[in-house]
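Here's a quick tour of a model you can follow with the sequence and structure open beside you.

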Amino acid sequence: MKYKNVLLKFEGKIATITLNRPEKLNAINDEMLRELMKALEKTRNHYESLVVVIKGEGDSFSVGQDLSGEGTNEIMPPNPRNKAYLYDMFTQSQKNQSIWQYIFEFPKITVAQVHGYCLGMGLDLAMACRAIICTDDAIFGDPSVRMGIASPNPLWTFRVGLKKSKELLLTGRYIDGKEAQRIGLVMKAVPAAELDQVMAVELDAFSRSVGIGGWDQMTDFWCSWMAIMELAGLGAARHMTASVNVLSSIQRPGRSLIERGGFDFYKTRDEQGLKAAIEKRDAPFRKYFPQPKLKKR
Amino acid sequence: MSTVIYEKKDGIGYITLNRPEELNAMNDEMLAELDAVLPQAEMDLDVKVVVFRGAGKDFCVGQDLTGVNTYEVLSEPGEHLTIKKRMEAERRRNRRWEYIFNLAKPTIAQVHGYCLGTGCYLAMVCDITIAAEDAQFGDPLLRMGLLPHMPLWLYLVGIKKTRELLYTGCYIDGIEAEKIGLINRAVPGDELEDEVNNLASGIALMHCDALAPVKDAINSVMEARGLGAAWRFTNNMQLVMQQRTMLPDEFNFFKARDKKGLKAAIDERDAPFKKFCEER
Amino acid sequence: MPTGFGWNFKTQYQLCFWEHRDYREWEFQTVLYEKINDRIVRVTLNRPDKRNAFNDRMFEDLATAMHKANDDPDVKVVIVRGAGAHFGAGHDLSSPEGEESPPVHPNVNPTLQDYYGFERRRCYKYDDVMDFPKIIIAQVHGKCIGASQIFAASCDIIVTAEDAQFGIRGFGSQLHGLTEFPIWPLWSNKAYAGRAVTEMSGREAAELGFANVAVPLEKLDQETLMWAEVLSKLPSEAVAVTKEWISGMLDIMGMGAVQREHYHAHLSLQYVHFRPEEVNLYKEKKDKGLKGFLEDRAKTATPTTKK
């Protein structure tokens, strides 16, 4: 399979999908997401594979959505500066939700292997997997609030509970692998040198974790679990978070957040470049929420 | 002297429960003052985040159980009220918690000392709860034949822990509360105020229109998970509880209080559970 | 009555799992019913040679015991525990055909209509356990698997030995209803969320909030009695209303889907295709017997690499 932004490998019962834009820390853009979906579709039809590992090439899992403004017309909401119609924003938001739903409901066992940064949309991707295994210094977070955006990820309270969800999303702060394990966001956080070995053991266990009715019945179980999640609120939650995500993204010149002096990420990026915009976004918070650091390799 | 004090500083609104001699027990006056102060805090665009805290040694020991000036707080058995009046009273009581839960700006509970009953409910409906390590959380309502009427129990700590804590009425400290998901973080008591101010200041850096939708998104998920229905259902079950038969050999808190005084009644209420809870 | 099963089919129409037997003339065969004191009843599942696996008779005995305890006005708390080395190994897979416990062999070729009834009957018991209006405590030691695990989950409180075993590899414990209902932390990664095998020790179960407390085995009886004693002091009507409130809350949170999907999954067992390298339940039971099936299943489910 010749994709540009992802790599796909089948080996016995394990399929591995590697996000492959290492020079951009695997920032997610339209093309990568499209290729990821194609790779998943191929994996879904691959009889031998029972487990799918999703990981990142290079120094990080993924820093999240590509914020450069290029090649992201599909995954990002239309630029508020262009006075986008609600129609376009809602359509885009719903489409994104269906992508994450597809990954969450994927009928093979999905495992995210995380090292380095796992932020924003990258974290949404990891959370949609059934399990996350990471290095102890991996960095997780969703800084959307600092850009005035409400994350459309409906899984937070299911994964880390109500209180931690509110804290992490309202502060936008980053946590390391150890804290992520403590709060239940990840299954295991291990020293980087041990990650490959731990993954091998866990993937083997996952691939053997069939029940009395074999793999065939597993897939029925999983379908049933998705029904339960829907009734437990996930179905409506998806739509509601998509809706609130749009309402927060629609902040444009002439509307509250920007006019009343809130931080205008897009303007800062267009005037000073992406790196400066990210720095301006995060710098004021370091005093209150120290940012964990990646260990030197 | 106000039973609720409201102050603003550097983008943070502080709401302090102020009946320290009564361990900040909630009575009609305190609830009325909360009702006046909350809309003020919510509508003030300069206030980015609201901190709830308690004057004196405790956060809040729960409902005022004296029976004096407590119509809004607690239904006493033997009150000859129609169903309609009871429904209205229950709805008012729980609407307050629902309203604070949905306040359009982030809320932080700063908890030290006792945080029991409805005091615990206040801490639960706040977005973020930071407590002293030796704070005491608990819900002893069932011992008095009252319904522990907070739907968030199940969402926060799960089925088994909810049953355990509501049936035994045992208190847990800040450290255990953090472990089971009831609160965000427990810190040494002398660091509590700084920890909360630090958190609030970090949040206050952001525009209220950045914070409001983020909170709304999570609360919407909770709505989708049934919380909206849960508030009403809980009101209805409180009505059912008020119809219960008190068997002659069972402890009757209100009778004991009227006969022997509040303190004696509380001691008698807690005595059968004391040893078990201490040895947990 | 002609049914798709070809054997005499018990009616699926029953109002409540534990309310339909008259306990006054009943002789308990597979459980022991004892009143420890006025307020506390202890029910001991008593098929230790079968690891207290449920057969039809044990379901009936347990149900009748619950009915009896509920009607006794002095009783406030029921303890359920297992005789011998285990709490319970789930459904008795060695029960003869015609009983409720073993999975129905596809060769029997039941009508979907009858199989629905059969499965509803199997799965809805646990809702009824949750509706029991008095406090019910599961005292767990040894293995607590499958139907026994669901039963324990449906009880109010689980007091467990530290080295008890909840769940078993190779069984596939997704869809045990309450054992995995999607309230944090059960769906957090802490619980290996979504992983098909959840095998945890009593200690892990208590850590996770699936069980309430884990103690050394020799302290188990005493600890359970302590819980029963203190909870027997609560006003009984208030307990009934509070339990109803919690059950209603769980309904609001979507619990209904859990039980229903549980039996949907059981139904699928009729139609699965086993992969060539997999342990085929029906074939193995025929060729190697139950013991052989369990051994082979354990082998393939157990990772070879050391953790």
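## Ground rules

Two strands pair if DSSP finds at least two bridges between them. Helices (H or I, at least four residues) and strands (E, at least two) are DSSP runs, numbered from the N terminus.

This is a predicted model, in which local features need pLDDT of at least 70 and side-chain atom pairs count only at pLDDT 80 or more, while totals for chains, interfaces and linings use all residues. Residues are numbered from 1 along each chain as its sequence is written, and chains are lettered from A and ligands numbered from 1 in the order in which they are written.

## Strand 3 of chain A

Strand 3 (residues 51-56) of chain A has neighbours on two sides. Strand 4 (residues 109-114) of chain A runs parallel to it, joined by five bridges, and I54(A) sits opposite A112(A) there. Strand 2 (residues 14-19) of chain A also pairs with strand 3 in the parallel sense, over six bridges, with T18(A) opposite K55(A).

In a regular strand the side chains alternate between the two faces of the sheet. Here both faces are covered: V51(A), V53(A) and K55(A) on one side, and V52(A), I54(A) and G56(A) on the other, are all buried (20 or more other C-beta atoms within 10 Å of the residue's own; exposed means 12 or fewer, partly exposed in between; C-beta atoms are placed from the backbone).

## Helix 1 of chain C

Chain C has nine helices and nine strands, and 55% of its 307 residues count as buried. Take helix 1 (residues 56-71) of chain C: the end C-alpha atoms are 23 Å apart, which agrees with the 22 Å its 16 residues should span at 1.5 Å a residue (1.5 Å times one less than the number of residues).

Twelve of those 16 residues are buried, among them M58(C), F59(C) and L62(C). The buried residues of this helix pack against strand 1 (31-35), strand 2 (40-45) and strand 3 (77-82) of chain C.

## Where the chains meet

Between chain A and chain C, 38 residues of each are in contact (C-beta atoms, placed from the backbone, within 7 Å). On chain A's side, helix 7 (214-249) is one of the elements that supply at least two residues, and helix 7 gives the most, with 15.

Chain A also touches chain B, in a contact that takes 31 residues from chain B and 38 from chain A. Helix 8 of chain B brings the largest share of chain B's side, 13 residues.

Terms used
Contact = placed C-beta atoms within 7 Å.
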